[in-house]
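My notes follow the structure.

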Amino acid sequence: MEILNQISEYLQQGDDDKVFALTKEAIEQDLNPKVILDNSLIAGMNIIGEKFKKHEIFLPDVLMSAKAMYAGLDQLKPLLASKGISGLGKVVIGTVQGDLHDIGKNLVGIMLKGAGFDVIDLGKDVPPEKFVETAKRENAKLIGMSALLTTTMTNMKKVVDLVRKDNSDIKVIIGGAPVSKEFADEIGADAYAYDAGNAVECVKELI
Amino acid sequence: MSHIIRFKIKDIQPEKEVVFKEFGIPKIDLVSEKIQQLYSEAIKVFRETSKPIVIYSEISKEKFQNIFKGEGNNSAETPVDKIFPKADNLILFALTMGKEVSEKIEILFKENDFALGSMLDNIASLSADNAVKKMEELAAKDTKNHEENYLILAYSPGYCGWDISGQKKLFEYLHPEKIGITLNDSFLMIPLKSVSGVLISRKSEIHKFENNFSFCSLCKTKSCLERM
Ligand code: B1M
């Protein structure tokens with residue numbers, strides 16, 4: 001459908017005004033909101049993700065497209081909710097307690113949302129209990145944590161332990177400059193991601 | 001006695017190349033006009049919203065020893081406690097870009113303006129780092145020791161085994177609240193774009209260390225030694 005392709009095109013160009021207007025038009029044309037979401041917004045973000053992976057575009061291009069995606073998504077959300085349609089699954093993310101470094105975590109959040117996940121971002125300096133309580137309350141399938149200080153990496157284990165203690169099937173993924181695959185294995189996390197794109201791949205595999 | 005100085009924005013604003021590098025962009029001319037405009041807009045907002053300021057004070061080794069001990073949460077051995085006893089001079093500092101720029105970044109993210117928010121975030125973070133370098137330069141001017149290989153480096157609570165809770169005692173001594181920085185319950189500084197620490201001056205050899213401390217085995221980053 002022409003209008004869906006146009007939305008996807010403008011999203012890739014990072015033109016949020018156009019994406020806003022065309023999404024409005026598509027809704028007025030009574031197109032299925034799930035189809036608009038999947039075939040224009042997520043489809044456009046997937047192309048952007050691929051181009052970024054191949055180094056054809058840069059991070060600011062991705063971020064401008066993400067803004068354009070939201071210009072459409074914000075209009076679709078209430079319609080999707082009223083039809084009981086949810087995204088790819090809920091994930092809870094945050095920077096661990098005692099740590100303020102959130103640039104990487106923010107990128108991970110933006111990429112996950114762009115891929116179609118419902119992201120609950122708890123921000124920075126998040127206590128272990130809050131990760132787990134929120135995930136349970138919101139029926140989230142995954143917790144994603146970021147840490148940049150060697151002294152706060154250890155707080156990731158506290159979250160993993162809380163999840164395992166409950167025998168819950170919530171998955172845990174970790175990232176941040178000092179963190180590694182070995183550390184993830186050591187603390188019993190389900191996955192380690194080296195960057196935001198890789199985080200999306202890992203989350204898709206896990207849930 | 002503590003001193004307070006305001007930085008000139010032009011003295012700490014990062015080079016365009018450096019900002020783009022943070023975004024993984026190797027060369028300025030590779031980016032679109034749109035990204036160039038984004039950068040200009042972010043620089044404009046940065047100039048309007050940041051109020052960089054520092055409070056600093058010389059401190060004796062005895063007094064610093066007590067601050068460094070902090071709340072007793074440091075790793076058993078750390079680079080800093082090996083380095084500072086050999087110093088000629090120690091200066092405690094806390095600096096901030098001010099609350100307005102941090103608030104602006106949060107607002108931009110809330111408004112889904114991720115590109116401008118991230119650009120501003122990077123510029124403010126890099127400026128905070130540059131302000132630390134500026135402090136190192138200022139301290140270098142003050143020192144009588146202009147020998148070759150003389151090096152003044154900043155070390156911070158939260159850095160390699162010096163637990164972040166160390167900020168509590170640092171604050172009790174320096175009172176950065178005078179320049180608008182406070183500590184939260186997790187010992188993090190508010191506003192976010194703030195850096196605290198100690199400037200340690202002496203010949204460059206004293207700053208050298210092997211990264212084989214207990215916490216190094218956990219940490220993938222091996223860049224701690226690169227700033228020398
Ligand atoms: C959920 O799944 C996932 C998956 C992937 C995930 C993930 C989660 N999270 C991240 N990823 C991955 O995806 C991202 C890329 O796509 C990547 O994310 P990253 O977060 O790694 O990368 C970001 C995109 C870019 N990288 C960054 O944003 C971090 C860069 C460095 C320079 C850095 C910055 C920018 C800042 N800092 Co801070 N800072 C440093 C950093 C040194 C360095 N070179 O790493 C580091 C981390 N800082 C440090 C310290 C100590 C501090 N900082 C502080 C302050 C700051 C700034 C304000 C200047 C700024 C904050 C920016 C912010 N809002 O987050 C201080 C605290 C401030 C406060 N308010 O209390 C303070 C505590 C020092 C002090 N006492 O003042 C050091 C930690 C030392 C250590 N070894 O533990 C440090 C290594 C610098 C150093 N060399 O000393 C991947 O790791």
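In which loop of chain B does B:P191 lie? I find B:P191 in the loop between strand 6 (189-190) and strand 7 (194-203) of chain B; helices (H or I, at least four residues) and strands (E, at least two) are DSSP runs, numbered from the N terminus. B:I190 and B:P191 are joined by a cis peptide bond, with omega at about 0 degrees.

This is a predicted model, in which local features need pLDDT of at least 70, side-chain atom pairs count only at pLDDT 80 or more, and totals for chains, interfaces and linings use all residues. Residues are numbered from 1 along each chain as its sequence is written, chains are lettered from A and ligands numbered from 1 in the order in which they are written, and side-chain values use heavy atoms, with hydrogens and water left out.

Next I looked up phi. Most residues other than glycine have a negative phi, and most peptide bonds are trans. A:D30 has a positive phi, near 65 degrees, and sits in the loop between helix 2 (16-28) and helix 3 (33-53) of chain A. I also noted B:H175, with a positive phi near 55 degrees, in the loop between helix 8 (167-174) and strand 5 (182-183) of chain B.

Then I checked accessibility (buried under 20% relative accessible area, exposed over 50%, partly exposed in between; 1.4 Å probe, protein chains only). A:D30 counts as exposed because its relative accessibility is 69%. B:H175, at 34%, counts as partly exposed.
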